[in-house]
Amino acid sequence: MSTSAQSKPLSALILTAASNYNLRGQIVGSAGGQSCPSTGDLLSCRGPHPPEDAPMKLYNENHPAPNPRKVRIYLAEKGIDVPLQHVEIRKRQHKAPEFLAKNSLGQVPVLELDDGTHLSESLAICRYFEALHPAPPLFGTDPLDQALVEMWIMRVEFRIWRPVTIVWRQADPRTAHLGRQFTDFGEYNRGVVADEMRWLDREIGDGRAFIAGARYSMADIVALCGLDFAKFVNMPIPEECTALIAWRERVSARPSARA
Ligand SMILES: N[C@@H](CCC(=O)N[C@@H](CS)C(=O)NCC(=O)O)C(=O)O
């Protein structure tokens with residue numbers, strides 16, 4: 001089990017992962033993970049079979065769900081193997097009573113610990129693993145670095161993610177079935193997203209390699225997932241944003257981006 005996943009192909013992390021986690025996410029032994037087909041059943045297995053003695057699992061949804069993706073990329077960067085349990089949003093499995101008992105907001109991701117504790121919120125889940133496995137640091141190193149990573153996570157969440165999710169919920173036909181849409185408000189936010197992408201492009205146009213500075217961090221994970229989701233909602237990065245496009249190509253080339 002390596003704590004640095006950066007040189008490993010993701011398939012190696014998921015399919016031949018060598019370690020599992022006990023109650024507190026410590027490395028305890030061999031899993032021999034093996035993929036299993038999705039059965040379509042509630043919370044059916046999608047990732048490696050959870051070993052019976054290590055029930056920690058991550059309730060997950062795949063493309064386009066950007067919040068579980070944050071956690072998957074984070075875990076891949078760390079080389080941490082956690083079994084995935086698929087929650088099919090299109091089938092409303094996240095609103096079923098069994099799932100609401102795990103997260104009353106009916107959202108993924110949720111991390112289930114061995115003692116039955118449920119942890120929601122993608123960033124809280126990543127911070128939990130960061131406290132257990134500080135290396136390689138993805139939430140900063142010294143106090144200033146940690147504050148800068150936090151600053152950029154908050155900026156990206158509020159400046160980029162928020163208007164993107166407004167467009168998705170208020171103006172995208174694929175969410176029209178969820179309830180009344182305020183389409184004018186949604187469409188207005190497309191312009192907000194483009195403006196914020198231009199702002200981020202100017203910020204990182206100063207030559208830094210990553211969003212929060214010289215080191216890849218959680219801020220890059222949050223930004224990549226947000227921008228890729230924006231593309232899914234038909235808001236690609238404007239072509240004049242060359243620094244942002246180059247950054248996206250750099251972070252997308254990391255094996256973790258395929259998680
Ligand atoms: N702040 C939460 C947001 C979680 C979230 O919105 N997850 C989406 C999938 S990306 C979801 O479950 N949406 C269904 C819903 O809100 O009903 C986090 O960071 O985990």
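Q: Where does Glu121 sit?
A: Glu121 is in the loop that runs between strand 6 (118–120) and helix 4. This is a predicted model.

Q: What is phi there, for Glu121?
A: Near 75°, which is a positive value in a residue other than glycine.

Q: And is Glu121 buried, exposed or partly exposed?
A: Partly exposed: Glu121 has 17 other C-beta atoms within 10 Å. For the buried class 20 or more would be needed, and for the exposed class 12 or fewer.

Q: Which residues are around the ligand?
A: Glu121 is one of them.

Q: Which helices supply at least two residues of the shell each?
A: Helix 2 and helix 4 (122–132).

Q: Back to Val108 and Pro109. What kind of peptide bond joins them?
A: A cis one, with omega about 10°.

Q: What about the bond from Ala135 to Pro136?
A: That peptide bond is cis, and its omega is near -10°. Pro136 is found in the loop between helix 4 and helix 5 (143–171).

Q: Why does Asn234 count as exposed?
A: Because Asn234 has 11 C-beta neighbours inside 10 Å, and a residue with 12 or fewer is classed as exposed.

Q: Now helix 8. Which of its residues are buried?
A: In helix 8 (residues 242–252), Leu244, Trp247 and Arg248 are buried.

Q: Why do they line one face of the helix?
A: Viewed down the axis of helix 8, the buried residues fall within an arc of 100°, so they line one face. In general, an α-helix has 3.6 residues a turn, so residues three or four places apart point the same way.

Q: What do the buried residues of helix 8 pack against?
A: Helix 6 (183–204) and helix 7.

Q: And which residues are exposed on the other side of helix 8?
A: Thr242, Ala246 and Glu249.

Q: Helix 7 and helix 2: at what angle do their axes cross?
A: At roughly 145°, and the axes of helix 2 (residues 66–78) and helix 7 (residues 218–232) come within 9 Å. The crossing is right-handed.

Q: Which residues make that contact?
A: From helix 2, Pro66, Arg69, Lys70, Ile73 and Tyr74. From helix 7, Met218, Ile221, Val222, Cys225, Gly226, Asp228 and Phe229. By type, the residues of the contact are eight nonpolar, one polar and three charged.

Q: Last bit, the whole protein. How many helices and strands?
A: Eight helices and six strands. From the N terminus on, the order is α-β-β-β-α-β-α-β-β-α-α-α-α-α.

Q: How much of the protein counts as buried?
A: 38% of the 259 residues.

Q: And which share of the contacts joins residues at least 24 apart?
A: 66%, taken among contacts between residues at least 6 apart in sequence.

Terms used
Residues numbered from 1 in each chain as written. Predicted model: local features only at pLDDT ≥ 70, side-chain atom pairs only at ≥ 80, totals over all residues. Axes fitted to C-alpha atoms, helices over the stretch in contact; angles between N-to-C directions. Helix = DSSP H or I, 4+ residues; strand = E, 2+ residues; numbered from the N terminus. Left-handed = near helix turned anticlockwise from the far one by under 90°. Contact = placed C-beta atoms within 7 Å. Nonpolar A, V, L, I, M, F, W, Y, C, P; charged D, E, K, R; others polar. Near = placed C-beta within 6 Å. Arc of directions from axis to C-beta.
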